[in-house]
Structure formats: structure tokens, C-alpha cells
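Biologist: Before we talk, could you put the model on the screen and then take me through how a sheet is read?

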Amino acid sequence: MALHRDIFWIGRQWAVTGAGIQAVDQRLRGVLDIDIARLWDDELIQGRRAKAGVNVEDFDKAVTVARDRYPQMPVAEPLIAQLEALGVIETSPAASAAVPAMQLRAEGRLARFLPQWRVRR
């Protein structure tokens with residue numbers, strides 16, 4: 001896989017790009033690349049760091065730069081907050097904080113004015 005067009009930092013062996021951390025050597029075909037969504041997965045980071053032939057100093061610098069560039073953010077909270085602000089859902093305080101119980105409220109509203117969403121595969 002070729003390097004992403006947005007390159008924010010490049011070292012001897014690793015680069016921080018718009019796709020996350022990518023190996024500069026393109027003969028690896030993206031096997032060791034780390035997506036933005038998995039930058040905060042410490043097990044994956046340690047697994048990549050322990051691979052033979054990895055320049056540890058360069059890799060650690062890439063992880064530091066990437067984590068500064070892409071801070072850790074919960075995925076579900078902004079979507080839930082936006083739907084609550086629109087009045088589409090109502091969360092119950094008794095539900096767990098990780099996955100709130102959602103109740104869809106659409107009666108009395110025109111469907112064309114409700115926010116649309118799709119699940120992408």
C-alpha cells in the first residue's frame with residue numbers, strides 16, 4: 001500500500017500520515033501499518049515494536065507524533081450528544097455510561113427533517 005498523500009512526519013523507517021503510522025518501505029505492502037483508530041491499542045503497538053528489524057527509536061517517535069496528531073477520543077459520545085441535542089433520542093440515566101439506552105422519538109415529525117444516518121461497511 002502506498003503512503004497516504006498527507007505526510008505529517010517521516011523518519012528512516014516510519015511515517016505519520018493521514019492514514020496513521022505507515023512503514024516507509026513499500027515492499028511490506030502495509031503489513032505493519034497502524035490505522036488511526038488503533039493508535040491507542042497498546043497491545044498492537046507493543047506487538048509491532050517487538051518485530052524483528054524494527055528501528056525502535058524511529059517507531060517510538062512515530063507513535064508519539066501520531067498520538068499528538070490524533071488524540072484519543074471516544075467514538076460514540078459525539079454522535080449520542082448530537083442526537084440528544086436534536087431531540088431525536090433520549091438517554092436514560094439508569095443505563096450504563098458506556099452504552100446508553102436510546103429511545104427513538106420520531107412521532108409527529110416529518111421524516112425528511114430527521115437526521116439521516118447509514119452504517120457503512
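Modeller: What follows goes from the sheet to its pairings and then to a helix. This is a predicted model, in which local features need pLDDT of at least 70, side-chain atom pairs count only at pLDDT 80 or more, and totals for chains, interfaces and linings use all residues. Residues are numbered from 1 along each chain as its sequence is written, and side-chain values use heavy atoms, with hydrogens and water left out.

Biologist: In what order do the 4 strands of the open sheet stand?

Modeller: Strands (E, at least two residues) and helices (H or I, at least four) are DSSP runs numbered from the N terminus, and two strands pair if DSSP finds at least two bridges between them. Here the order is β1-β2-β3-β4, with antiparallel pairing. Because β1 (7-10) and β4 (34-35) each have a single partner strand, they stand at the edges, and one side of each is left without a neighbour in the sheet.

Biologist: How many bridges join β2 to β3?

Modeller: There are 4, and a hairpin connects the two strands through 2 residues, while A15 stands opposite Q22 in β3. Between β3 (residues 20-23) and β4 there are 2 bridges, with I21 opposite I34 and G20 opposite D35.

Biologist: Which strands does helix α2 lie across?

Modeller: Axes are lines fitted to C-alpha atoms, for helices over the stretch in contact, and angles run from 0 to 180 degrees between N-to-C directions; contact means heavy atoms within 4.5 Å. Helix α2 (residues 56-69) lies across β1, β2 (14-17), β3 and β4, running at about 5° to β2.
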